[in-house]
Amino acid sequence: MLSRLHPHKSIKMEFVALAVGVKNMQRVTNFREMSTKQLQYPVQMDLQGLSMKLLRVAGPPRWQSCRWQMRKAEDRGRGRREVVESRDGGTGGQLTVGQRVVEAGKDATYLGIVIFGVGVMGLLFYAIGRELFSGGSINGIYTDAMKRCKGNEEVKVALGTPIAGYGEETRRGRRRHPAYTEYTDDAGKKHMRMKFYLKGGSGRRATVHLEVTENDRGKYDSFRYLFVQLDAYPHRTMIIEDNR
Amino acid sequence: MEEYAREPCPYRIVDDCGGAFTMGAIGGGVFQSIKGFRNAPAGWRHRALGSLTAVKMRAPITGGNFAIWGGLFSTFDCGMVYLRKKEDPWNSIASGAVTGGVLAARSGWAAMAGSAVIGGVLLALIEGVGILITRMSAEQFKPISPTEMEDPSQLPPKAPPFGGQPAYQ
């Protein structure tokens, strides 16, 4: 088996021979990807050292027959599968009433879980969609108010451009959500107050306070007031809108 | 006081990276300990050893993957904050999508698009949960009587409802 010229190649040869020799189909299929040249090469190198049997098994002409053997084995397996005894006790796949009740219960439980999951997903998507795409939502009002502040000349001069806006900072450094509170006035109309922050190009910071009232359709649409107050002394106030 | 004045942004990336690593390592540790336990040969000794080996081998990898995701996500989030000059849920959704896309960059355009969509939807869901939670917690702090809600003192006094001069000091 050992070649004087290519000792390392003979090892590969051994492996091929072993794989074919034991007729382990799984292992043979791995070797199918090996090119025929690779297979032939060690065989030719080690012709002297090989027994006739190994040559017959590992040689290229026999490779075809190996596949044929595999197919035969598959056929055998298929044939065997046909004679497997039925395991359901001869009822021919029919379930008893009790089993059917159990199955129906299982199906109902799984269906319930699926519906629950879909419902929760739907609720979440609805919440995020309403929040992001509707003008009367908290995020919509925040966006609107920020636009007004950024467009205001007095604020621009006081803070310096560009002006960045952010909400309340959480413990993890997120500032995506402004603080807000809702209340109902004596006339039964809903109001919402909101607070967020601005930071200008000069590094000066300011706080924005605003209140919105709902319209007849129950949607927040108009500012009752909107003003910007500088955070540093003398806490100058710039009123952008005051419709009280 | 310094804590409050500091901008969270560039530092947040490191925080998020570490937080994600911890989360991934703990979650991966729990998962791998169970998997290693089940896959080990019979016997308590083997099972315990298999569990321990699996945790030692795989949990840091899961943690590392999480850390990559978290760090990249936070980096993109900060980039969005810098570019858009605004902090809102869109930032995190967009950076989730970009992170998903970038991490799948080696698998081709189709895989990138798929990963980006998954990342965006996942972050949108997380944002949705956050919004629902803020909504619920805001309900608790609703003032009971409207008389509590005086107009802020920064504004000039309101004009009287019927005729007459406003009360100037």
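I sort residues into classes first: Ala, Val, Leu, Ile, Met, Phe, Trp, Tyr, Cys and Pro count as nonpolar, Asp, Glu, Lys and Arg as charged, and the others, Gly among them, as polar.

I note that this is a predicted model, where local features need pLDDT of at least 70, side-chain atom pairs count only at pLDDT 80 or more, and totals for chains, interfaces and linings use all residues. Residues are numbered from 1 along each chain as written, chains are lettered from A and ligands numbered from 1 in the order written, and side-chain values use heavy atoms, without hydrogens and water.

**Chain B**

I looked up the fold of chain B. It has five helices and zero strands (DSSP runs numbered from the N terminus: helices are H or I, at least four residues, and strands are E, at least two). Along the sequence I read α-α-α-α-α.

I checked burial next. Of the 169 residues in chain B, 31% are buried (under 20% relative accessible area, 1.4 Å probe, protein chains only).

I then looked at contacts (heavy atoms within 4.5 Å). Among those in chain B with a separation of 6 or more, 52% join residues 24 or more positions apart.

**Record for chain B**

I looked up UniProt. Its unreviewed entry lists residues 66-83 and 109-133 of chain B as "transmembrane region"; such annotations may be inferred rather than shown by experiment. In the model, residues 66-83 of chain B are 100% helix, with end C-alpha atoms 25 Å apart. Residues 109-133 of chain B are also 100% helix, and their end C-alpha atoms lie 36 Å apart.

**Pockets**

I needed the terms here. On a 1 Å grid over the protein atoms alone, a pocket is an open set of points where a 1.4 Å probe fits, with protein on both sides within 12 Å along at least five of seven lines; lining residues have an atom within 4 Å of a point. A volume is the space filled by probe spheres set on the points.

The largest pocket has a volume of about 1,200 Å³. I found 37 residues in its lining, with Thr170(A), Arg172(A), Gly173(A), Arg174(A) and Asp16(B) nearest the centre. α2(B) gives the largest share, seven residues. By class, I noted 14 nonpolar, seven polar and 16 charged residues in the lining of the largest pocket.

The second largest pocket holds about 610 Å³. Its lining has 28 residues, and Arg135(B) is one of those nearest the centre. Which element gives the largest share of this lining? I found α5(B), with five residues. The classes come to eight nonpolar, nine polar and eleven charged.

Key:
Buried means under 20% relative accessible area, exposed over 50%, partly exposed in between (1.4 Å probe, protein chains only).
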